[in-house]
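Follow the description below with the model open alongside the text.

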Amino acid sequence: MTQRPPTAGNLFVSAPIRAGFLLVVSAGAVGWLMLSGALPARAAETNNAAISTADARSSLPVLPVVPRPPATQPEAGLRSDTHLDKTPPRKTVGLDLVKNGWTYNCMECHKLFPARWHYDRALNEHKDIKLEHGNNRFCLNCHHPTNHNAFVDYDGAEIAQADVVLLCAKCHGTTYRDWKAGVHGRANGYWNSAMGDRTRLRCIQCHDPHFPKFQAMKPLPPLRYPSRAVKGDDEAAAGASGGHAVMTQPHGQGQPDTEPKGPTTSHAP
Amino acid sequence: MSHEPENSVSPKTIEQVYQPMNRRTFLKGTAAAMVGMAGLVAALKPLLALERGEVTLHDLLQKHYRELSPADLERIRKSLEAKCEAEYGVRPTIKDLKPLDGVGFGYALNLTRCIGCRKCAHACLAENNQSREDANDIEMSYIRVLEMNKGAINLETSNAYYDPEKVPQKDKYYMPVQCHQCAQSPCTKVCPVQATWQEKDGLVVVDYNWCIGCRYCMAACPYDARRFNFKKPTIKPEAINREQSYLSNRIRPKGVVEKCTFCLQRTRAGKYPACLEVCPTGARVFGNLLDPNSEINYILNNKRVYILKEDVGTQPRFYYFFDK
């Protein structure tokens, strides 16, 4: 797990995948312009212009044209329910990229850089992925070896991105059974199919497949008694409502007994 | 043969029979009259509101919800909408949704999945227009999330006021409690004026205009499911949910009891309740008990189901279940 000094080839491999397809072209164009004696400053300014020149195009590998499957987060629930926060718990980094105008097409890079079962060196890319999912150690346990837009079935067949549930069902059969019956995972919309549609969240909308354990989260504030919450500890404890004063205390760890007078909870106005 | 009369009446003077008014009896009578008058004045005091125009004669003479004619109900709904607009600055749509045929609601909650984030309790507020001072005041929420010690279901050691940095805590599990919509509901049995009753689809509802605020139902409920409006509800205009229903989430008057109705205004329109919509772990399952293919029946048939305080015989429509 050691970092090698960035050789020219290594740099060329690592930079474009992180930043995306455009930078592949840019970095190549910059390198070519520098080698051919052009001014570096000028080259940096006119990256995009350089791409469009015939010279730059001829010196780069031919980039594949891949179809761009939609990778947007499906809407959960009804649009009229603006007062309800229906955000699924997973932090969706990849989908954030989509929101910013990027596609989420793995083959844009992997057409050029095929993944192997495992490398004998640390990953240069996808370093943000922390793989802690049972005894799955390799990317290709789930991802298809040749088509990175798909997942892999038992027999090496492709499972489309949209059918990710079937991938998870390979191991989590009982959970899949419950999900199909509608009792695992959340449903939104209409319980009565005669009156409207319902949306079901799929596995990876809630679980990060690389780290499926739910992340602990900060709970929303506890109920409190407004008139009592603004009292100091001593006053409230001395009063007849001592029992309630105990209730309004936050139950965080390491709460000192001798707190200065003031709001007993952090949620007091 | 004796000549003695069998029922001899002792001779009484006219003064003995009709006591003349002396000082003592006069004062007694006056005091009694004063008390009576005071009581009468107190009883008629609400009429002052009539004088001031705060209530109408219709409000005072309104019948029980189940005796209202459709025309009356229509008029009452319109007047409630206007009243809400005058008092809170927002004009809601107050509907009157009737129970659906062939529907009996059931709710199940997965104790294996719940992480105690309280999103349901806060969504309840956003949906049901409970009184609250600010965004952090959820005292009137219909859902209490209890933090329980692992190893037993012991309500006595539970804590509804937990506030750690992160949930779930390692040695705890979490149990949200709300109205169980009991088939044998103690709350409806103790109501002296029948202001609360069970509807055909199993929902226990309150006619807020009929409730006298005695809070017998709160004392009778084994699940702490009812809330009382000690003061006139305070709610900011932007926090008001305009989709309202007469029996559920319209803004309540002061001095009445309110409770969870499984979001009647949503569920009778076919939607899921608000607490289910926001649950991040999908721990909540809602459905029609009378439909054999519903999710709720899948749980009752296939999962380990736990009924809270089953021993008190309330026969709830709210079930807890476990995955593992």
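B:W210 counts as partly exposed, because 18 other C-beta atoms lie within 10 Å; a residue is buried with 20 or more other C-beta atoms within 10 Å of its own, exposed with 12 or fewer, and partly exposed in between, with C-beta atoms placed from the backbone. This is a predicted model, in which local features need pLDDT of at least 70 and side-chain atom pairs count only at pLDDT 80 or more, while totals for chains, interfaces and linings use all residues. Residues are numbered from 1 along each chain as its sequence is written, and chains are lettered from A and ligands numbered from 1 in the order in which they are written.

B:W210 sits in the loop between strand 6 (204–206) and helix 8 (216–220) of chain B. Helices (H or I, at least four residues) and strands (E, at least two) are DSSP runs, numbered from the N terminus. Beyond its neighbours within four places in sequence, B:W210 is in contact with B:H64, B:Y65, B:V193 and B:A195, contact meaning that the C-beta atoms of two residues, placed from the backbone, lie within 7 Å. In sequence, B:W210 and B:Y65 are 145 residues apart, yet from C-alpha to C-alpha the distance is 7.8 Å.

Chain B also holds an open sheet of four strands with mixed pairing, in the order 10-2-12-11. Strand 10 (284–288) and strand 11 (304–306) of chain B are at the edges, each with a single partner strand, so one side of each is left without a neighbour in the sheet. From one strand to the next the twist averages 30 degrees. Two strands pair if DSSP finds at least two bridges between them.

The pairings can be followed across the sheet. Strand 2 (residues 105–110) of chain B is antiparallel to strand 10 of chain B, over five bridges, and B:L109 has B:R284 in strand 10 as its bridge partner. Helix 11 (residues 295–302) of chain B packs on the sheet and touches strand 2, strand 10, strand 11 and strand 12 (318–322) of chain B. The direction of helix 11 makes about 110 degrees with that of strand 10 of chain B; axes here are lines fitted to C-alpha atoms, for helices over the stretch in contact, and angles run from 0 to 180 degrees between N-to-C directions.

Strand 2 and strand 12 of chain B run parallel and are joined by four bridges, with B:N110 opposite B:F321 in strand 12. Strand 11 and strand 12 of chain B pair in the antiparallel sense over three bridges, and here B:Y306 stands opposite B:Y320. Strand 12 of chain B is mostly covered, with four of its five residues buried.

Next come the nonpolar cores, each a set of buried Ala, Val, Leu, Ile, Met, Phe, Trp, Tyr and Cys residues joined through C-beta atoms within 7 Å. The largest has 73 residues, of which B:A108, B:C120, B:A123, B:C124, B:A274, B:C275 and B:I299 touch the most other members. Helix 6 (residues 119–128) of chain B gives the most to this core, with six residues. B:C124 is in contact with B:S141, B:Y142, B:I143, B:A274 and B:C275, leaving aside its neighbours within four places in sequence.

Some backbone details of chain B deserve a look. The peptide bond from B:V167 to B:P168 is cis, with omega near 0 degrees, and B:P168 lies in the loop between strand 3 (144–149) and strand 4 (172–177) of chain B. B:R118, a residue other than glycine, has a positive phi, near 70 degrees. B:R118 is in the loop between strand 2 and helix 6 of chain B and counts as buried because it has 26 C-beta neighbours inside 10 Å. B:Q194 has a phi near 55 degrees, also positive in a residue other than glycine, but B:Q194 is exposed, with 12 other C-beta atoms within 10 Å.

Finally, the two chains meet through 43 residues of chain A and 44 residues of chain B. Strand 3 of chain A gives the most to the side of chain A that touches chain B, with three residues. The model scores ipTM 0.82 and pTM 0.73.
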